[in-house]
Amino acid sequence: MKLAILSDIHANLEALTACLAHARRHGADAWAFTGDLVGYGADPHACLGIVRDLAAQGAIVLRGNHDDAALGGLWPDMNPVSREAAVWTRSRLGEAERDFLAALPYVVARKDLLFVHASAAQPENWEYIVGPAAAARCLAATEAKIVFGGHVHHPRLYFSARGDVSAFVPRPGIAVPLSAGRRWLALAGSVGQPRDGNPAASYLLFDGVSRRLTFYRVAYDWLTAAAKIRAAGLPNTLAQRLEHGL
Ligand code: ZN
């Protein structure tokens, strides 16, 4: 089993299709989408169509805070750009798409793997895992050996050995063996709105037999994705973020 983990697609069709094609070329035969399918980008309908088709074939699909927002679940301190994008997205969703989003779970467990958008510690609170302390809270909330998530839009790998949690920034394309003696938290980065200074889409490929995890960055047509955001009348800053990866 080669499992592709894609997070924070944010309605970016060009990034999603590029990552899916890249993962298929690298042997992916199973899929997990760890939330924020929509919000920010101009293609919620097309992206949801692709994800719903894969869900019908067994893909894991989780709820993110921007999926909630597109259903009307705006949070009090939401910034104006996110709010505007959520309201715009909501206006574009059909009933079946709303029903699909509304039925998504916060957490899915598969054997010793756990999938969540933000943190396994109170997933509905959308905590950002910004360092080892938050990663430790996440790992303490589950017995799973490996947790996969997103939400922070920065690819990171945390590991716990004898209670100490450490982080490192993985190098794209270099497989990391997830040894059984440690517990792991892998944050996939963002497919559709990277924020670490690299505009290339980010996703993970996990080999369930060898237990090796590879972080990938995939160049895609972000100029087209940004142009669609401007053409849709969404905030210009959302287009600029794709062009700069920030
Ligand atoms: Zn997100």
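How many nonpolar, polar and charged residues does the lining of the largest pocket have? The legends below take up this question and then turn to other regions. The model is predicted, so local features need pLDDT of at least 70 and side-chain atom pairs count only at pLDDT 80 or more, while totals for chains, interfaces and linings use all residues. Residues are numbered from 1 along each chain as its sequence is written, and side-chain values use heavy atoms, with hydrogens and water left out.

**View 1. The largest pocket and its lining.** Its volume is about 300 Å³, taken as the space filled by probe spheres set on grid points that are joined across faces, edges and corners. On a 1 Å grid over the protein atoms alone, a pocket is an open set of points where a 1.4 Å probe fits, with protein on both sides within 12 Å along at least five of seven lines, and lining residues have an atom within 4 Å of a point. Of the 18 lining residues, Met1, Leu3, Ala30, Arg110 and Leu113 lie nearest the centre. By class, the lining has ten nonpolar, three polar and five charged residues, where Ala, Val, Leu, Ile, Met, Phe, Trp, Tyr, Cys and Pro count as nonpolar, Asp, Glu, Lys and Arg as charged, and the others, Gly among them, as polar.

**View 2. The second largest pocket.** This pocket holds about 200 Å³ of space, and among its 18 lining residues Tyr40, His66, Asn79, Ser82 and Arg195 are the closest to its centre. The lining divides into six nonpolar, eight polar and four charged residues.
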